[in-house]
Amino acid sequence: MAQPFKWGIVGTAGIALEVVNAIRRTQHGVVHAVASRTLSRAEEWARGLEIPKAYGSYLRLLESGEVDAVYIPLPNSMHDEWCL
């Protein structure tokens, strides 16, 4: 059996809900973590969507080493900063 592919979600924008649902329809993908600018928002989102980990900053998620890839539903003007 293949190991699950762990996704992190960098932000809590509405479009991310569609991506979370799409990941959950895959055979091996799991949404492992979510990050928001505030920990309370990340925890609320994680609780509501049954995501195991919540981070109060985007950087903490990216530096965690706990995910294989991230989805970045931030405004286009922020993609460059968080992709690099």
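Biologist: Is E18 buried or exposed?
Modeller: E18 has a relative accessible area of 55%. The model is a predicted one, in which local features need pLDDT of at least 70, side-chain atom pairs count only at pLDDT 80 or more, and totals for chains, interfaces and linings use all residues. Residues are numbered from 1 along each chain as its sequence is written, and side-chain values use heavy atoms, without hydrogens and water. Buried means under 20% relative accessible area, exposed over 50% and partly exposed in between (1.4 Å probe, protein chains only), so E18 is exposed.

Biologist: Which pattern does the protein follow along the sequence?
Modeller: Helices (H or I, at least four residues) and strands (E, at least two) are DSSP runs, numbered from the N terminus. The protein has four helices and four strands. Read along the sequence, they follow the pattern β-α-β-α-β-α-β-α.

Biologist: What is the radius of gyration of the protein?
Modeller: The radius is taken over C-alpha atoms, and the globule rule is 2.2 Å times the number of residues to the power 0.38. The C-alpha atoms fill a box of roughly 40 × 25 × 25 Å along the principal axes. For 84 residues a compact globule would have a radius near 12 Å, and the protein agrees with this at 12 Å.

Biologist: Which strand is joined to β1 by six bridges, and which residue in it is the bridge partner of W7?
Modeller: Two strands pair if DSSP finds at least two bridges between them. The six bridges join β1 to β2, and these strands run parallel. In β2, W7 has as its bridge partner V31.

Biologist: What is the handedness of the β-α-β crossover from β1 to β2?
Modeller: The chain passes from β1 through α1 to β2. A crossover is right-handed if, with the strands pointing away from the viewer, the path from the first strand over the helix to the second runs clockwise. This crossover is right-handed.

Biologist: Which residue of β4 is the bridge partner of W7?
Modeller: Strand β4 (residues 69-71) pairs with β1 in the parallel sense over three bridges. Within β4, the partner of W7 is A69.

Biologist: Within what arc do the buried residues of α2 fall?
Modeller: In helix α2 (residues 39-49), the buried residues are A42, W45, A46 and L49. They line one face of the helix, because seen down its axis they fall within an arc (of the directions from the helix axis to the C-beta atoms) of 100°.

Biologist: Which residues are exposed on the other side of α2?
Modeller: The buried residues of α2 pack against β1 (5-10), α1 (15-24), β2 (29-35) and β3 (53-55), where contact means heavy atoms within 4.5 Å. On the other side of α2, the exposed residues are S40, R47 and G48.

Biologist: How many residues has the largest nonpolar core?
Modeller: A nonpolar core is a set of buried Ala, Val, Leu, Ile, Met, Phe, Trp, Tyr and Cys residues joined through side-chain atoms within 4.5 Å. Members of the largest one include I9, V31, W45 and I51. Helix α1, strand β2 and helix α2 each supply at least two of its residues.

Biologist: What separates the C-alpha atoms of Y55 and A35?
Modeller: Y55 is found in strand β3 and counts as buried, at 12% relative accessibility. Leaving aside neighbours within four places in sequence, its contacts include A33, A35, L39 and A42. Y55 and A35 lie 20 residues apart along the chain, and their C-alpha atoms are separated by 4.5 Å.
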